[in-house]
There are 2 protein chains.
Amino acid sequence: MARRTGRRPGNPDTREAILTAAREAFAERGFEAASIRGIATSAGVDPALVHHYFGTKEQLFKSCMDFPIDPAEMLPQVLAGGPDEIGERLVRFFLRIWDSPAGVAAVALMRSAVTNDWTARLLREFVTTQMVRHVVTRLAVDPAEVPLRASLVASQMAGLAMVRYVLKLEPLASAPPEVVVAAIAPNVQRYATGDLGVAAPAQRE
Amino acid sequence: MARRTGRRPGNPDTREAILTAAREAFAERGFEAASIRGIATSAGVDPALVHHYFGTKEQLFKSCMDFPIDPAEMLPQVLAGGPDEIGERLVRFFLRIWDSPAGVAAVALMRSAVTNDWTARLLREFVTTQMVRHVVTRLAVDPAEVPLRASLVASQMAGLAMVRYVLKLEPLASAPPEVVVAAIAPNVQRYATGDLGVAAPAQRE
C-alpha cells in the first residue's frame with residue numbers, strides 16, 4: 001500500500017498522470033522494458049519528477065498495483081523458516097492478509113484482474129518480477145523450475161482466495177486458519193520444493 | 001448447456017421470465033428450498049409450464065447456470081476409475097473442457113461469479129447440490145469430510161482456471177496438459193482422498 005501510507009508529495013493530477021502512464025507501460029512492455037524516461041514522456045513530465053514522486057522503478061510499479069502487501073517485506077518472512085516451512089508460512093501469511101482489513105483491497109484487485117485484461121497483465125508482471133525472481137535464489141531447487149513452481153503456488157493461492165473470500169464456498173469459507181493451513185500447506189509445499197512429476201530435472205526433498 | 005441443445009419450446013419471453021425467477025429463487029433460498037411452484041408464481045405462469053419448458057427442478061437449475069458441463073455426465077466419468085484415479089481424471093477432464101471452445105463460457109462464468117454476488121451464490125449452490133452431493137456416496141471417505149474435501153478441490157481447480165486461463169501466468173498458461181496433470185493431479189488426489197491433517201476423523205489411503 002505504498003500509495004496509502006507515508007508522505008504523498010506533489011500535485012495529485014500529476015501523480016495520477018504518471019501512474020496512468022506507468023500502468024500502461026508496465027502492462028504493455030513489461031517491467032524490464034518499461035523505462036522511467038518513457039513513462040515520464042507519456043505523462044508529460046520530467047523523469048526526475050517521477051523519481052521524486054515515486055522513487056525507483058520498482059517502487060513505482062508497486063504504487064501502480066495498489067497491491068495489499070509489499071513482496072519485499074513478505075518474502076523474507078515467508079522464506080525465513082527454511083525451505084521445508086515455506087508451504088505453511090505462505091498459507092499463514094496469506095490468511096493473515098486476507099482475513100485482515102487489507103483483504104478488501106485484495107478481493108478488489110482479484111475482481112479487477114479477472115474482468116480487466118490490463119490489470120491481469122500488470123498482476124502477471126508483478127508476480128513474475130516482484131515475487132518469482134526474489135524467490136529463485138533462495139530455494140534449494142533448480143532455478144529453471146522456479147517459474148513453474150511459482151505459477152503452481154499461485155494457482156493454489158488464487159484458488160484459495162476465490163473459494164474462501166469471493167465465492168465463499170463452505171466449509172472452507174469459514175474454516176479456522178489452523179484447518180486451512182493443515183489442509184493446504186502440504187500441497188503448497190509440494191509445489192514449492194517437492195517432486196512435480198514432470199520431465200524437467202527435479203531436485204527432490 | 002441444456003439451454004443450447006435440443007428443442008427449445010415456448011415463448012422466449014416466458015422462458016426468460018421463468019429463468020430470471022428461478023435464478024433469484026435458487027440464489028436467495030438455495031436449491032432445496034426453492035420450489036417450482038414459487039418460481040412459477042414469481043414468473044406469473046403455471047407450474048406445469050415450468051416443467052414443460054425445463055423439466056425437473058434440477059434441469060431448471062442447470063438451465064439457469066449455463067454451466068459449460070453437465071455434472072451428471074461428468075462425475076461418473078471422473079469417478080469411473082476408482083478413488084485412486086480421481087485426481088488425475090478430474091484434472092484431465094477439466095483441461096479438456098477449458099481447452100475446448102466451451103472454455104470461453106467457463107471463463108465468462110468465472111468472471112461473472114467474481115464480480116456478481118448473485119452469480120457467486122448460484123455457483124456456490126450449484127457446486128454444493130449438483131456436484132458435492134453426487135460424490136459423497138462414491139468416495140471411500142467419511143461423508144462428513146466431503147464438503148471440506150470438495151471445497152479444497154474447488155480451490156485448486158478454480159485457481160488453475162484463474163492462473164492458466166484468466167491471468168495467463170506462464171509457464172502454467174501454456175504448459176502441455178501432461179505437465180499440468182503430473183504437477184496438479186497428486187494435490188487434487190490428496191484433497192479428495194488423502195490425509196488432510198485436520199481434527200475431523202480421516203480415513204487414510
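Biologist: In this predicted model, how far apart do the end C-alpha atoms of residues 35-54 of chain A lie?

Modeller: Residues 35-54 of chain A are the span that UniProt, in an unreviewed entry, lists as "DNA-binding region". In the predicted model this span is 80% helix and 0% strand, and its end C-alpha atoms lie apart by 13 Å.

Biologist: How are helix α2 and helix α3 of chain A oriented to each other, roughly parallel or roughly perpendicular?

Modeller: Helix α2 (residues 36-43) of chain A packs on helix α3 (residues 47-54) of chain A with the two axes 8 Å apart, and the angle of packing is about 100 degrees. Since angles of 65 to 115 degrees count as roughly perpendicular, the orientation of α2(A) and α3(A) is therefore roughly perpendicular.

Biologist: Which residues of α3(A) make the contact with α2(A)?

Modeller: On the side of α2(A), the contact is made by A:Ile36, A:Arg37 and A:Ala40. The residues of this contact divide into 4 nonpolar, 1 polar and 1 charged. On the side of α3(A), the residues are A:Pro47, A:Val50 and A:His51.

Biologist: What share of residues 12-72 of chain A is helix?

Modeller: An unreviewed UniProt entry gives residues 12-72 of chain A the annotation "domain: HTH tetR-type". The end C-alpha atoms of this span lie 26 Å apart.

Biologist: What kind of axis relates the two copies, chain A and chain B?

Modeller: Chain B is superposed on chain A, with an RMSD of 0.0 Å, by a rotation of 180 degrees that carries 0.0 Å of shift along its axis. The two copies are thus related as by a two-fold rotation axis.

Biologist: In chain B, which residue has the C-alpha nearest the axis?

Modeller: The same surface serves both copies, in that 100% of the contact residues of chain B recur in chain A. The nearest C-alpha in chain B lies 1.8 Å from the axis, and its residue is B:Gly159.

Biologist: How many residues apart in sequence are the parts that the pair A:Glu178 and A:Arg92 ties together?

Modeller: The side chains of A:Glu178 and A:Arg92 meet in a salt bridge, with N to O at 2.8 Å. A:Glu178 lies in helix α10 (residues 177-193) of chain A and A:Arg92 in helix α6 (residues 86-98) of chain A, so the parts that the pair ties together are apart in sequence by 86 residues.

Biologist: Where in chain A does A:Pro171 lie?

Modeller: The peptide bond leading from A:Glu170 to A:Pro171 is cis, with omega near 5 degrees. The place of A:Pro171 is the loop between α9 (146-166) and α10 of chain A.

Definitions and conventions: Residues are numbered from 1 along each chain as its sequence is written. Chains are lettered from A and ligands numbered from 1 in the order in which they are written. This is a predicted model: local features need pLDDT of at least 70, side-chain atom pairs count only at pLDDT 80 or more; totals for chains, interfaces and linings use all residues. Side-chain values use heavy atoms; hydrogens and water are left out. UniProt positions are given in the numbering used here, feature names are shortened, and annotations may be inferred rather than shown by experiment. Helices (H or I, at least four residues) and strands (E, at least two) are DSSP runs, numbered from the N terminus. Axes are lines fitted to C-alpha atoms, for helices over the stretch in contact, and angles run from 0 to 180 degrees between N-to-C directions. Angles under 35 degrees count as roughly parallel, over 145 as roughly antiparallel, 65 to 115 as roughly perpendicular and the rest as oblique. Contact means heavy atoms within 4.5 Å. Ala, Val, Leu, Ile, Met, Phe, Trp, Tyr, Cys and Pro count as nonpolar, Asp, Glu, Lys and Arg as charged, and the others, Gly among them, as polar. Copies are superposed by least squares on the C-alpha atoms of residues with pLDDT of at least 70 in both. A salt bridge is a side-chain nitrogen of Lys or Arg within 4 Å of a carboxyl oxygen of Asp or Glu.
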